[in-house]
Amino acid sequence: MLIKKLNTRSLYFSERINNALRQISDFPLTIVEAPMGYGKTTAVREHLNFYKANVMWQRVYDKSLSSFWNGFCHLFSGLDEDNSQSLLQLQFPNDSVSLRTALNIIEHIELPANSVIVLDDYHLAECAETNSFIEFLVMSEMADVQIVLITRYTFFSRLEELQLKGYLYHIKQESFELMPMDIIGYYKQCGRNINAKDAGELYSLTEGWISALYLLMLNFGSKGNSLHLANIHTLIDKLVYSPLPEESRNLLINMCIFNSFTLEQAEYVWKEGSPTSLIDALVGKNAFITYDFREKTYNMHSILKSFLREKLDSKEKSYKEALYTKAARWYTENGEYLFSMSYAYLASDFDTLLKAVEHDKGQSFNSDLKELIIKYFEECPTESKQKFPFAMLILARRMFTFNETGLFKRICGEFMTNILNIDCLDADYKNRLLGEYELLLSFTGYNDIEKMSEYHRRACGLLKSPSSILDGKGSWTFGSPSVLYMFYRKSGELENEVRTIREAMPFYYRTTNDHGKGAEKVMEAERYYYLGDFENSEIAMHNAFQAANETSQSGVIICAVFLQIKLAFMKGDFSKILQLLKKMREDINDKKWYLFMHTLDMCEAYIYSCLNIKEHIQPWIKNGEFKNTRLLFPAMAFLNIVYGRVLLINGEYLKVIGSAEGFMGIASVFPNLLGQIYTYIYLAAANNRIFRPNEALVALKQSLDIAMPDKVYMPFVENCDSILPLLEELDRQGLYHLEIAKILELFKPYQKAVELITKEYFAESKPTLAVREIEIARLAAEGLSNKEIGERLFISQNTVKTQLKSVFKKLDVNSRSLLKQYFDER
């Protein structure tokens with residue numbers, strides 16, 4: 001009897017799933033949710049290909065935020081490499097500022113019509129951060145693009161809200177289940193005719209699960225009981241794996257260690273002849289291995305992969321370690337060092353792991369990988385650590401940036417022990433290692449310039465060339481807009497500190513290829529500003545600009561620009577301030593200085609709070625939402641300087657008093673005296689406003705006690721509108737008579753500048769909105785989507801979008817949250 005050959009690669013989609021998939025184009029977001037093996041990926045891919053969508057497909061492989069973000073950014077590389085790199089350098093956006101920046105970058109990419117972003121196996125990366133990012137994109141109503149999430153399960157906290165507002169379409173497991181009539185159709189399409197009774201039995205056995213139906217079709221007629229995962233593995237073994245030639249079986253076991261693989265990877269790892277014909281045969285004969293023509297990668301179905309990994313687990317330890325080592329070396333040779341480290345770890349091959357660390361130089365070690373990197377170090381044997389001293393220094397540097405001071409000290413101790421115990425080290429190589437070590441130790445002396453300089457001088461004597469482990473492209477300022485704030489640490493010593501940094505920095509520059517160049521000149525210029533000597537401040541500021549621009553020192557340039565803004569403020573030149581802020585924003589975006597996104601908002605908030613203009617202060621500062629900012633800890637005390645003033649102008653006096661202890665705690669860590677001076681001023685102003693004059697005078701005197709030995713007048717000048725009666729009272733008491741006179745003298749031109757800017761730019765002339773614009777703006781502020789507004793007012797979404805753009809421009813806002821704030825304040 002002739003047996004008809006089955007068409008095992010035939011694809012079948014029920015009318016129910018086809019109808020569901022047609023809805024994708026009607027919603028900004030579609031979630032396709034079903035367990036493993038229900039054909040989600042195949043159904044979405046075939047549907048989008050049939051309708052000729054421009055598909056941007058990202059397969060998620062693990063829970064790492066950085067891996068997710070790298071894959072997401074790669075989606076745009078073929079359309080706009082520059083903006084794709086901008087997104088990559090931005091890093092994962094986890095706060096309002098970085099989210100807006102990411103959206104702005106994406107909106108500048110010219111996406112083809114009918115574009116669909118597909119995130120496959122999204123459950124692997126799903127967390128509050130990724131969900132918030134997806135929700136933000138969806139509710140921002142990007143034009144001509146849909147997002148599809150393919151997932152085994154989902155935990156969107158706002159799922160019902162997104163559905164009610166028309167943003168989300170949810171396709172669930174039941175849409176994928178094949179009913180008895182579907183099973184008859186599927187089997188017939190594959191070349192197997194069955195009757196209604198058989199179809200009913202198959203449905204009872206599988207509950208419409210297509211992967212189980214596929215396997216049962218290969219062996220139709222044999223009896224089975226229930227289909228748990230173990231039974232599915234048994235069927236795969238019997239019907240898919242065992243019939244293959246031994247060569248093909250071994251190749252599959254070798255390749256199952258990868259999430260997906262290229263032909264080049266297979267050739268590198270296999271090393272038993274060309275795998276091309278074997279792979280082609282595997283792809284052609286079963287539905288569990290597919291080829292992605294866009295990415296040029298082969299993908300195994302999760303069910304097959306889990307079966308093969310069970311087979312691999314049963315192999316000898318030496319077999320598995322050799323396989324993982326080959327994978328690690330492949331990734332090292334191709335510059336994917338994190339993957340190399342993970343496979344080397346699986347192989348217990350710590351030599352290869354530490355080689356990858358040295359190649360990477362720690363640049364891929366994001367904070368979400370901290371625990372993994374620590375695990376690598378903890379389990380690494382001493383022999384490997386001795387062979388790779390540079391890797392130890394790199395790990396130590398990362399532990400310092402992760403604020404793991406105990407581990408930092410341990411690694412440094414192990415490094416020195418290893419160096420001392422190795423007799424055969426070349427003298428030049430040993431000096432280079434010790435020079436790098438001295439440079440690394442200098443960070444332990446942060447903001448003590450003299451202590452740091454001792455390390456830098458020793459490093460200079462040991463290094464014949466600049467450091468190879470310090471990232472000279474990183475920010476020297478940690479996101480702070482002021483060098484003086486960073487290094488002013490001892491009352492009465494500011495002039496000496498400026499002199500010391502001027503003498504010390506050349507040694508640091510020599511060891512780091514001019515990292516932070518111009519910082520000492522900025523600190524000098526800032527000191528003149530705080531003394532009220534604006535002429536010398538401006539001269540020194542231009543000198544600093546010249547030095548910083550020579551080597552494109554982003555952080556130092558930002559500090560110099562912020563000082564230039566404050567000098568323009570003293571002249572009442574607000575047009576210059578706006579020009580400088582605009583240039584700063586352009587530089588941050590164009591030059592990808594994304595660490596400084598929050599710094600820019602700080603600078604703006606500083607100026608607007610000095611003008612008592614609340615409307616232009618970003619909500620994240622106004623509301624004290626600091627958890628996810630890109631600012632590093634050394635910049636946080638400056639953020640509190642800004643936030644304290646914002647609280648004052650908002651009349652939140654009790655919050656100022658309640659927050660002062662926390663502000664002082666942060667400003668005392670290194671210490672940062674400028675943060676302490678401003679905090680005492682705010683404490684004085686707040687106590688005075690709630691009629692606690694004694695507490696107010698005590699706080700103001702504490703501030704003067706710190707600042708006046710260095711003639712740091714400007715913090716008092718900038719806040720004189722809140723502390724003037726207190727200064728006059730202290731003067732009457734015979735305290736700081738000459739100093740208070742100087743503060744009041746400087747306050748006159750400062751007050752005149754505030755009045756001039758306020759009159760010219762912020763007089764109470766309200767922008768005129770048309771009636772229709774007001775209707776649309778109010779609905780948008782209430783949280784309605786463009787679609788909902790259009791339906792409410794019987795106008796098109798395009799009309800809503802156009803009118804909102806006009807409203808945003810007239811009101812000088814750039815988000816719906818600021819629009820809501822505008823109406824709330826009125």
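# Exercises on a predicted model

Thr477 sits in the loop between helix H24 (449-462) and helix H25 (483-487). Residues are numbered from 1 along each chain as its sequence is written. This is a predicted model, so local features need pLDDT of at least 70, side-chain atom pairs count only at pLDDT 80 or more, and totals for chains, interfaces and linings use all residues; side-chain values use heavy atoms, with hydrogens and water left out. Helices (H or I, at least four residues) and strands (E, at least two) are DSSP runs, numbered from the N terminus.

**Exercise 1. Decide whether Thr477 is buried or exposed, and list what it touches.**

Step 1. Take the classes: buried is under 20% relative accessible area, exposed is over 50%, and partly exposed is in between (1.4 Å probe, protein chains only).
Step 2. Thr477 has 0% relative accessibility, so it counts as buried.
Step 3. Contact means heavy atoms within 4.5 Å. Not counting residues up to four places away in sequence, Thr477 touches Met486, Gly555, Val556, Cys559 and Phe596.

**Exercise 2. Describe how helices H8 and H9 pack.**

Step 1. Two packed helices are described by the angle between their axes and the distance between the axes. Axes are lines fitted to C-alpha atoms, for helices over the stretch in contact, and angles run from 0 to 180 degrees between N-to-C directions.
Step 2. H8 covers residues 180-190 and H9 covers residues 196-206; their angle is about 110 degrees, and their axes are 8 Å apart.
Step 3. H8 is therefore roughly perpendicular to H9. The classes are: under 35 degrees roughly parallel, over 145 roughly antiparallel, 65 to 115 roughly perpendicular, the rest oblique.
Step 4. H8 contributes Pro180, Ile183, Ile184 and Tyr187 to the contact, and H9 contributes Ala196, Ala199, Gly200, Leu202 and Tyr203.
Step 5. Sort these residues by class: eight are nonpolar, one is polar and none is charged. Here Ala, Val, Leu, Ile, Met, Phe, Trp, Tyr, Cys and Pro count as nonpolar, Asp, Glu, Lys and Arg as charged, and the others, Gly among them, as polar.

**Exercise 3. Work through salt bridges of the model, beginning with the count for the whole structure.**

Step 1. The criterion is a side-chain nitrogen of Lys or Arg within 4 Å of a carboxyl oxygen of Asp or Glu. The whole structure holds 28 salt bridges.
Step 2. Lys387 pairs with Asp351 at 2.8 Å, N to O. Lys387 belongs to helix H20 (residues 382-387) and Asp351 to helix H18 (residues 350-360), so the pair ties together parts 36 residues apart in sequence. Asp351 is partly exposed at 22%.
Step 3. Lys582 pairs with Glu586 at 2.9 Å, N to O. Both lie in helix H30 (residues 574-590), four residues apart, so about one helical turn separates them. Lys582 is exposed at 53%, while Glu586 is partly exposed at 32%.
Step 4. Glu15 pairs with Arg22 at 3.7 Å, N to O. Glu15 is partly exposed at 49%, and Arg22 is partly exposed at 35%.

**Exercise 4. Name the buried residues of helix H41, then give the phi of Phe794.**

Step 1. H41 spans residues 786-793, and its buried residues are Asn786, Glu788, Ile789, Gly790 and Leu793.

**Exercise 5. Summarise the chain.**

Step 1. The chain has 43 helices and seven strands.
Step 2. It has 826 residues, of which 54% count as buried.
Step 3. Its C-alpha trace spans about 115 × 85 × 45 Å along the principal axes.
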